[in-house]
2 protein chains.
Amino acid sequence: MSTQGNAVIGQSGGPTNVINQSLVGVIQNLKLNPAIGKLLGTRHGVRGIVNNDYIELNNTPHELLERIARTPSSALGSTRDKPDAAYCEKILANFKQNNVRYFFYIGGNDSADTARIVQEMGAKTGYQMQVFHIPKTIDNDLRVHDHTPGYGSAAKFVASAFIGDDFDNKSLPGIKVNVVMGRHAGYLTAASALARKYDNDGPHLIYVPEKPISEDDFLADVDRVFTKLGRCVIAASEGLTAPDGKTYAEHMAENVEKDSHGNIQLSGTGALGDYLAGLITEKLGKARGKKLRVRADTFGYLQRSFAGCISETDASEARLVGKKAVEYSLDPKNVEGSVCMTRKPGTGYEIQIHLESIKNVAREAKHMPDEFLTGNDVTQKFIDYARPLVGELPPVGSFSELKK
Amino acid sequence: MSTQGNAVIGQSGGPTNVINQSLVGVIQNLKLNPAIGKLLGTRHGVRGIVNNDYIELNNTPHELLERIARTPSSALGSTRDKPDAAYCEKILANFKQNNVRYFFYIGGNDSADTARIVQEMGAKTGYQMQVFHIPKTIDNDLRVHDHTPGYGSAAKFVASAFIGDDFDNKSLPGIKVNVVMGRHAGYLTAASALARKYDNDGPHLIYVPEKPISEDDFLADVDRVFTKLGRCVIAASEGLTAPDGKTYAEHMAENVEKDSHGNIQLSGTGALGDYLAGLITEKLGKARGKKLRVRADTFGYLQRSFAGCISETDASEARLVGKKAVEYSLDPKNVEGSVCMTRKPGTGYEIQIHLESIKNVAREAKHMPDEFLTGNDVTQKFIDYARPLVGELPPVGSFSELKK
């Protein structure tokens, strides 16, 4: 029998477009576990716990829940706090005070680890508690997990943006740099490849953190594509990395400091895109002796929060992992775990779910495997991997089909 | 009777998400005018005419047309060429050579004027031709027209972006600057106001080119909102203007030259957003003696081309003005005109269409009227004006509803 008590649910880290689906999945499945009394939603993750800032969620009306499920970002608020031992003690103290025996934490790898530490601290003092990590991250960088809720919708945003932007670039040809989120893992940038439909469709070059590139090689790539097609669409991760292992952003920061140009930010800015566009304008423009049409966009926060851009696959999986967390809470032996999706071997796309120990998920991030990357592009294997995750993409047409 | 002959159709200027709807409207209504023989689609607008680069569109399959109609950007290609008299002579020569008696040109105010000039040149030499301007622009800045196809879908993008970004900002509070397209007219930036649903929803500050603002007043606005709400979401036009009448971008360009920092671009870059974010970080952060969380996004080209973000109202109106252009071509007295939507007076939203002389549309742009603007915000009158144009917006929900 599970321990009778209350439950806390929280959301942590960068929000996604389906993180509320997981929240709603837990709330809607709550009655499955009669040992759970009150479900307390903590405002702004762990911060709400230490501040005892909760809202009771048990009786949220169904209609409102369904609307919240489709609303971007974290309905309970999020936090970037990374609790140390003293912080975790406060969390545990609050849990004891509120007789919290279940903790559902929706977040990335750091959030998972916090939940596990609190559970272990409790166990040492004989306080029984079960903690469940419900995965989310647009970066898709959790180990063990085949993919992570939040990635599919963000990938759909990136693919839809590149579909439109590549048609824009065909219409008014030039060189276009699009900077995509992803400091360490290139999954989201790689999703730009899903935009392609016709021969010579962009993105023509894809740069991820896993494949360092020098400025000279980058320029040579752009020059080659532009010479062939008269245009070039580029997808670059914000974590674009130079051959010395430092990111372009780090190099820029060093130069900024050296030149004392003031307070240029490198996060939540267009700095990297502008730098790459400037590089192309200056170096390739000079070499060709003419002004090139070079533009840069940085997709920024829209990737994780643009209202209405939701992969239906992603939404239903995010709901499912929330529901499953409650299911796992029925077994008192499940003292901790991350709700983990893997792909059923065989043909087609079907997922299976198991509970994975949090220590196999926490802290370290996953990078793209070699089999998904080739030079400045992704492989067909990556396309096959990612395509089912983004759901429906807008169908497009072109007069080029007439020639066939 | 209209003159028997061929027709040319072209697309010009910055693409939109529904400019192909107008193209398809013309193609699908073509049989209405039996005087029209071949319909020639010119590649990249006027440039395709002088290069005699056409594709014949009469027999494009229906299924392909419907897909093209929902495809972002200009399916025939676009151009930024602004023809002078010699260029217009070449256009006319090509038209005579191909017995082109109808010219449908989908574009903004400059494109309209080009079409009219060619028609007048033809008339002077006794060459009969009818030219029709089919409006498009995301800037919504055509005179006479109540609104312009392309605006509604771009406005839907901006509103959807602000819906998501404001929830993101509630979740992880801070100061967020979003830069929206619009060099001279603030309509698209103003559409950010459509994102609001609950009390204290963002955008909290809206800056359009029509309302110049000093840096000090801007900072005072941000400070006031941030003090009250602990967060602040800002919508700023790329044409943000200082009290001296120069845009911020112009001021930045001057400073860039003065400091010889090199080749910073001010179009298709994140420079303005980064500048405003830097200003807030430095000035308000210093005054408060702490680090503020300040971020900037520049929505960039996604606003006009993001695949799948289409206002159904906008799409059907764009189709309609294309169809209407063919209808107007039936009357040989209509030697030139812009297909113009106005709003039927009275309750509800209903449009009526008439043919307006191109000279009343061409060249000069429309600005937002005073009745749509108040200080650093829009009026309810603007909301009532813009809301029907963007069609359905994603429904959202919040736990704040529980308190009611």
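## The parallel sheet of chain A

In this predicted model, four strands of chain A form an open sheet in the order β7-β8-β6-β9, with parallel pairing; two strands count as paired if DSSP finds at least two bridges between them, and the elements themselves are DSSP runs numbered from the N terminus, helices being H or I of at least four residues and strands E of at least two. The edges are taken by β7 (205–207) and β9 (294–298) of chain A, each with a single partner strand, so one side of each is left without a neighbour in the sheet. Neighbouring strands of this sheet are turned against each other by 15° on average, direction ignored.

Strand β6 (residues 175–180) of chain A runs parallel to β8 (residues 232–237) of chain A and is joined to it by six bridges, with Val180(A) standing opposite Ser237(A) in β8(A). Helix α6 (residues 151–171) of chain A packs on the sheet, where it touches β6 and β8 of chain A, and its direction makes about 170° with that of β6(A). Helix α10 (residues 271–288) of chain A also packs on the sheet, touching β6, β8 and β9 of chain A and making about 165° with the direction of β9(A). For these angles, axes are lines fitted to C-alpha atoms, for helices over the stretch in contact, and values run from 0 to 180 degrees between N-to-C directions.

## Chain A as a whole

Chain A has 13 helices and 13 strands. Its radius of gyration, taken over C-alpha atoms, is 23 Å, close to the 22 Å that the globule rule (2.2 Å times the number of residues to the power 0.38) gives for 404 residues, so chain A is as compact as a globular protein of that length. Of the 404 residues of chain A, 56% count as buried, a residue being buried if 20 or more other C-beta atoms, placed from the backbone, lie within 10 Å of its own, exposed if 12 or fewer do, and partly exposed in between.

## Two copies and their interface

Across the interface, 57 residues of chain B are in contact (C-beta atoms, placed from the backbone, within 7 Å) with 57 residues of chain A. The largest share of the side of chain B that touches chain A, nine residues, comes from α6(B).

## Local backbone features

The peptide bond from Gly202(A) to Pro203(A) is cis, with omega near 5°, and Pro203(A) lies in the loop between α7 (187–190) and β7 of chain A. Asn140(A), in the loop between β5 (130–135) and α6 of chain A, has a positive phi near 60° although it is not a glycine, and it is buried, with 28 other C-beta atoms within 10 Å.

## Conventions

Residues are numbered from 1 along each chain as its sequence is written, while chains are lettered from A and ligands numbered from 1 in the order in which they are written. Because the model is predicted, local features need pLDDT of at least 70 and side-chain atom pairs count only at pLDDT 80 or more, whereas totals for chains, interfaces and linings use all residues.

Terms used: Contact = placed C-beta atoms within 7 Å.
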